[in-house]
Amino acid sequence: MRAVVVERYGPPEMARLVERPDPVPGPGQVLVRVEASTVNSGDARIRAGRFPDGFGAVARLAFGFRGPRRPVLGNVVSGVVVAVGPEPRGRAAARLAGTPGARLAIGDRVCGMTGVAMGAHAELVAIARAKLAPIPADVSFDDAAGVLFGGGTALHYLTDKGGVRAGHHVLVIGASGAVGTSAVQLAKHLGARVTAVTSVRNAALATELGADRVLDYRETPPEELGERFDLVLDTVGALSPATGRPLLAEGGRLLLVVASLGETITAHGPVKTGPAPERAESFATLLELVAEGRLRVVHEAALPLDRIAEAYALVDSGRKVGNLVVHPQPASTRRRPAQQRPERTPS
């Protein structure tokens with residue numbers, strides 16, 4: 001199979017397309033023919049060896065000192081099951097029972113996240129069935145891939161960490177990114193009033209997604225707002241606990257998607273941070289919202305796998321809008337089922 005490998009940390013050009021052996025699904029796994037994956041901020045950090053303040057030594061211990069220990073990056077998968085591994089036993093079987101992926105079969109359209117195993121920037125990936133959710137018939141492979149990373153993070157922070165409810169006033173900083181575009185829509189879906197902070201060029205998009213008010217971060221830095229919010233969701237690392245707390249109304253919560261090691265260790269009370277879990281049940285919820293037309297998946301024009309260095313460069317620039325989808329399969333072999341709706345890009 002074709003796959004992109006990153007053998008040493010460095011610039012986008014370190015990502016190279018090579019031939020690798022096809023993976024074989026183990027117990028409780030399936031082999032997925034990857035129709036769409038994404039290049040997100042997490043992938044870019046690992047490729048570059050560029051981690052949030054304080055996490056450098058810990059991250060290199062986990063991922064590799066000079067380069068990724070697992071050279072095929074990417075943890076978002078959207079595609080078709082082409083093989084099913086042996087049935088798991090014991091605790092693994094118990095964990096699989098009742099999950100959306102429990103009854104997957106060859107030919108099923110699925111999506112999910114591989115976690116620290118990565119491996120999604122390839123034509124094929126072996127992944128645990130418990131990590132997958134079926135794709136509804138009218139949701140495209142691109143939309144399924146695009147909603148997982150940003151949508152899953154936004155949903156976790158707003159509901160589990162933030163306890164958002166109808167009537168809350170939510171400030172979303174970085175409203176045009178993968179997390180931010182989902183957060184604006186999900187907060188509105190849950191009955192909140194949303195103030196979005198983004199650039200002038202993306203203000204119209206934030207409004208289209210449902211923001212009640214849009215602020216230009218250059219004109220009005222978030223920490224200088226003379227208002228109070230029930231939830232402040234910072235998706236880009238613009239705030240610290242010290243600069244964010246003054247923005248909170250009584251009982252409010254400061255949600256830091258990007259934080260240093262020190263901020264992560266000392267976060268308490270109204271300050272919440274940390275990684276979002278990758279739950280197939282959450283993916284199923286998001287996919288249902290997409291299928292119903294309640295959640296729009298915003299992404300740049302998709303790129304083929306052999307142009308992944310361009311995708312990384314765009315992520316590094318900080319100017320990516322929504323998600324950035326890549327297509328591992330050659331254009332000549334890609335298939336779009338008749339029931340799929342057209343891929344959508346931001347206007």
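Biologist: What should I know before we start?

Modeller: This is a predicted model, where local features need pLDDT of at least 70 and side-chain atom pairs count only at pLDDT 80 or more, while totals for chains, interfaces and linings use all residues. Residues are numbered from 1 along each chain as its sequence is written, and side-chain values use heavy atoms, with hydrogens and water left out.

Biologist: What makes a set of residues a nonpolar core?

Modeller: The members must be buried Ala, Val, Leu, Ile, Met, Phe, Trp, Tyr or Cys residues joined through side-chain atoms within 4.5 Å. Buried means under 20% relative accessible area, with a 1.4 Å probe and protein chains only. The largest such core has 46 residues, and Val147, Leu158, Val170 and Val184 touch the most other members. Helix α4 (residues 141-161) gives the largest share of this core, 9 residues. Helices are DSSP runs of H or I with at least four residues, strands are runs of E with at least two, and both are numbered from the N terminus.

Biologist: Why is α4 called largely enclosed?

Modeller: Because 18 of its 21 residues are buried, α4 is largely enclosed by the rest of the structure.

Biologist: What is the bend of α4 at Leu148?

Modeller: About 40°, taken as the angle between axes fitted to the seven residues ending there and the seven starting there.

Biologist: What makes strand β8 (residues 169-173) a covered strand?

Modeller: 5 of its 5 residues are buried, so β8 is largely enclosed by the rest of the structure. His169, Leu171 and Ile173 lie on one side and Val170 and Val172 on the other.

Biologist: How do you know that β8 pairs with strand β9 (residues 193-198)?

Modeller: Two strands pair if DSSP finds at least two bridges between them. β8 and β9 run parallel and are joined by 5 bridges, with Leu171 opposite Thr195 in β9. β8 also pairs with strand β11 (residues 229-234) in the parallel sense, over 4 bridges.

Note on methods
Buried means under 20% relative accessible area, exposed over 50%, partly exposed in between (1.4 Å probe, protein chains only).
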